[in-house]
Amino acid sequence: MDHFEQQLARLMRDTEQYSPFGPGHRDRLRAGVLARRRVRLAQKAVGSVLAVAGLSLGLFLIPDTAPRTEPGAPPPRPASSPPHSSPGATPSPTTSATVSPSGPTPTYSVPPTGSDDPYGSDDPLGSADPYGSASSPGTASPGGAESPTHTDDSGGETHPDRPESESPAGIPTP
Amino acid sequence: MDQARAGEFDAFVAARWSALLHLARLLTGGDRHRAEDLVQESLVKLWFVWPRIADEAPEAYVRTVLVRAAARSARRRWWGERPVEQVPEAPVAGDVSAAVAERSRLEVALARLPAKQRAAVVLRYYQDLSERQVAEVLGCPLGTARSHAARGVARLRELLADVIEPVG
């Protein structure tokens, strides 16, 4: 550091003038803090609103583009039977390909209540569905002794015919 | 912030206000009102980070904020000033003195430097920072900070030739 630089440093330090931190400065500082706090709160609020709006828009748009797969939904079949043409037509696609003609009895006797049955709960016309009407007293009684008898009768009448008539010729039935 | 921290903040501001104001005044080339605005702005920013850096280096934080705010404000054309009917501070009789004249010469000379050069010179010779620290505060490479300081000092040699006499 040469002489000029030393003198420059001295000049910068010597010209410092003491100025106390007065109440006016304090009030102004507090006002600045409050104003900045309000700005930060407003920025946070706007950010939250934008985030919620973006999330809502995303949730609104995504289900339209991607197909929804439900865990209890039947696997897609190449050809399906008309859903409400016959009273027992709804559960037939699940049993036709996987269950042998002697097998439908345990398959239909498994759901003892109508609330757990996805077919019964999704069907708005419960009176037209014999499974829905048969399962409604079953839900009221905790014993569940009636459901095997109903399912045995209905399953014995309808199921052995449906896999042969409704499944396409190209799909091998077990 | 709790009361203890707020008390520490008030104590820090009261203790360092004068030095920070002088630093800001040098950084702005002698503009007292702009210097006060910069110090206020820096202290407001310090308030919100005070719980985190109170035990570390609050003055270094304020200095960095001050230098960058000064460089930013130097690029503005309008400072938000509005005309008033009464001047807030009237000059007192003691202003006309040799010390004030010397300070005024220094501030005028600093005001003629570019903002980066002025900041580099002030940090190097008033704050007594190393070249590396000057580069960190300015947010530029070491060579750039060194160049800013060297050019600023060279320019001040010309401007302050009659105030600081060279050694014969």
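## Helices α6 and α7 of chain B

In chain B, α6(B) and α7(B) stand roughly perpendicular to each other. The model is a predicted one. The axes of α6(B), residues 131-138, and α7(B) cross at roughly 100°, and they come within 8 Å. An angle from 65 to 115 degrees counts as roughly perpendicular, which is why this pair is described in that way.

On the α6(B) side, the residues in the contact are B:E131, B:R132, B:V134, B:A135 and B:L138. They meet B:L142, B:A145, B:R146 and B:A149 of α7(B). Sorted by class, this contact of α6(B) with α7(B) has six nonpolar and three charged residues, and no polar ones.

## Helices α3 and α5 of chain B

From α3(B), the residues B:V67, B:A70, B:A71 and B:A74 take part. Their partners in α5(B) are B:A115, B:K116, B:A119 and B:L123. By class, the contact of α3(B) with α5(B) comprises seven nonpolar residues, one charged residue and no polar residue.

## Helix α1 of chain B

Helix α1 of chain B spans residues 3-27 and has a kink of about 55°, centred on B:R16. The buried residues in α1(B) include B:F9, B:V13 and B:W17. Also buried are B:L20, B:L21, B:H22, B:L23, B:A24, B:R25, B:L26 and B:L27. After α1(B) comes B:G29, which has a positive phi, near 75°.

## Contact between the chains

How many residues does the contact take from chain B and from chain A? Chain B gives 22 residues and chain A gives 21. On the side of chain B that touches chain A, at least two residues come from each of α1, α2 (32-53), α4 (98-111), α5 (115-126) and α7 (142-159).

## Residue B:L156

B:L156 lies in helix α7 of chain B. Is B:L156 buried or exposed? The cut-off for a buried residue is 20 or more other C-beta atoms within 10 Å. B:L156 has 25 such atoms within 10 Å and is therefore buried.

Apart from neighbours within four places in sequence, B:L156 is in contact with A:L8, B:A109 and B:V121. B:L156 and B:L110 are 46 residues apart in sequence, while their C-alpha atoms are 7.5 Å apart in space.

## Chain A overall

Chain A has eight helices and zero strands, and along the sequence the pattern reads α-α-α-α-α-α-α-α. Chain A has 174 residues, of which 15% count as buried. Among contacts in chain A with a separation of 6 or more, 53% come from residues 24 or more positions apart.

Conventions. Residues numbered from 1 in each chain as written. Chains lettered and ligands numbered in written order. Predicted model: local features only at pLDDT ≥ 70, side-chain atom pairs only at ≥ 80, totals over all residues. Bend = angle between axes of the 7 residues up to and from the residue. Helix = DSSP H or I, 4+ residues; strand = E, 2+ residues; numbered from the N terminus. Buried ≥ 20, exposed ≤ 12 C-beta atoms within 10 Å, placed from the backbone. Contact = placed C-beta atoms within 7 Å. Axes fitted to C-alpha atoms, helices over the stretch in contact; angles between N-to-C directions. Parallel < 35°, antiparallel > 145°, perpendicular 65-115°, else oblique. Nonpolar A, V, L, I, M, F, W, Y, C, P; charged D, E, K, R; others polar.
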